[in-house]
Amino acid sequence: MYSLWKKHADEWAEKVNKEMYAVPYRHIILTVSDKLWSYFEGNSTLQKLMLDTAAKVMKDIVKEYNGKDKKAEPGIIMVLHAFGRDLKTNMHVHMLMTEGGLSPKGKWVAMPYIDYKIIRKKWQYYILTALRKAMPGNKELAKIIDWCFKERTNGFNIQAKRRIEGKTKQA
């Protein structure tokens, strides 16, 4: 079953790659604590919150790194995965993000380095804060959020291992 999904994902990625600009991209995976999975599972509102928050984190980081004089909007493609390779629940976001972005005037602004420790901590802060706001009266969730902040002081796990070169369109 996994190989069928992988084949489909690879075909989709190749199709998307044909439409990508000839700029470098990074494949980034943002995870959350397994203690939170049940809140996202089957809840389309919280799943949308997860995707929206992931985009906000990365856009804010690009904005901070570029400074006020070089405003750039990164290109982001995201997919929410609700399960892992073993097909058990494992809520996480896969994203292809450009290593840089377009300025308001359409000029490419390169940004080949992001400190991934910053992504980990920002992602954790943004998603936990968004969850607390989305479910203010949920005492069990509040305990989990407090636990995450206390026990996961380095932030949530992320992966940002593969650099991908866009092959077709010019930015």
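## Salt bridges

The structure holds five salt bridges, a salt bridge being a side-chain nitrogen of Lys or Arg within 4 Å of a carboxyl oxygen of Asp or Glu. Side chains of opposite charge can pair when their charged atoms come close.

Another salt bridge connects D60 with K56, whose closest N and O atoms are 3.1 Å apart; because the two residues are four apart in helix α3, about one helical turn separates them. D60 is buried, with a relative accessible area of 15%, whereas K56 is partly exposed at 45%. E73 in turn forms a salt bridge with K59, the closest N and O atoms being 3.2 Å apart, and this pair too links distant parts of the chain, with E73 in the loop between α3 and β2 and K59 in helix α3, 14 residues apart. E73 counts as partly exposed at 44% relative accessibility, and K59 counts as partly exposed at 35%.

## Model and confidence

This is a predicted model, in which local features need pLDDT of at least 70 and side-chain atom pairs count only at pLDDT 80 or more, while totals for chains, interfaces and linings use all residues. Residues are numbered from 1 along each chain as its sequence is written, and side-chain values use heavy atoms, with hydrogens and water left out.

The protein averages a pLDDT of 84, and 82% of the residues score at least 70; pLDDT is the predictor's confidence in each residue, from 0 to 100. Confidence is lowest in helix α1 (residues 2-19), with a mean of 66, and highest in α5, at 97.

## Overall architecture

The secondary structure comes to five helices and six strands, helices (H or I, at least four residues) and strands (E, at least two) being DSSP runs numbered from the N terminus. Along the sequence, these elements follow the pattern α-β-α-α-β-β-β-β-α-α-β. Among contacts between residues at least 6 apart in sequence, 73% join residues at least 24 apart, where contact means heavy atoms within 4.5 Å. Of the 171 residues in the protein, 38% are buried.

## Nonpolar cores

A nonpolar core is a set of buried Ala, Val, Leu, Ile, Met, Phe, Trp, Tyr and Cys residues joined through side-chain atoms within 4.5 Å. The largest such core has 33 residues, of which L30, V32, L36, F40, M58 and W123 touch the most other members. At least two residues of this core come from each of β1 (24-31), α2 (37-40), α3 (44-66), β3 (89-98), α4 (116-134), α5 (139-151) and β6 (158-165), and α3 gives the most, with seven residues. Apart from this core lies another, of five residues, among them V16, M20, V23 and L96.

When residues up to four places away in sequence are not counted, M58 touches I28, I76, M95, M97, I114 and I119. A55, found in helix α3, is buried with a relative accessible area of 14%, and beyond its neighbours within four places it is in contact with I76 and M78. A55 and W123 are 68 residues apart in sequence and 9.8 Å apart in space, C-alpha to C-alpha. T53, which also lies in helix α3, counts as buried at 8% relative accessibility; leaving aside its neighbours within four places in sequence, T53 is in contact with W123, Y126, I127 and A130.

## Surface

The protein exposes about 10600 Å², of which carbon and sulfur atoms supply 55%; accessible areas come from the Shrake-Rupley method with a 1.4 Å probe, and for residues only the protein chains shown count as cover.

W12, I77 and V79 form a nonpolar patch on the surface, with about 220 Å² of accessible area together. Patches are made of residues with over 30% relative accessible area and no salt bridge, with like charges joined within 9 Å and nonpolar side chains (Val, Leu, Ile, Met, Phe, Trp, Tyr) within 5 Å. V79 is found in strand β2 (residues 76-83) and counts as partly exposed at 31% relative accessibility.

Conventions:
Buried < 20%, exposed > 50% of the residue type's maximum accessible area, 1.4 Å probe, protein only.
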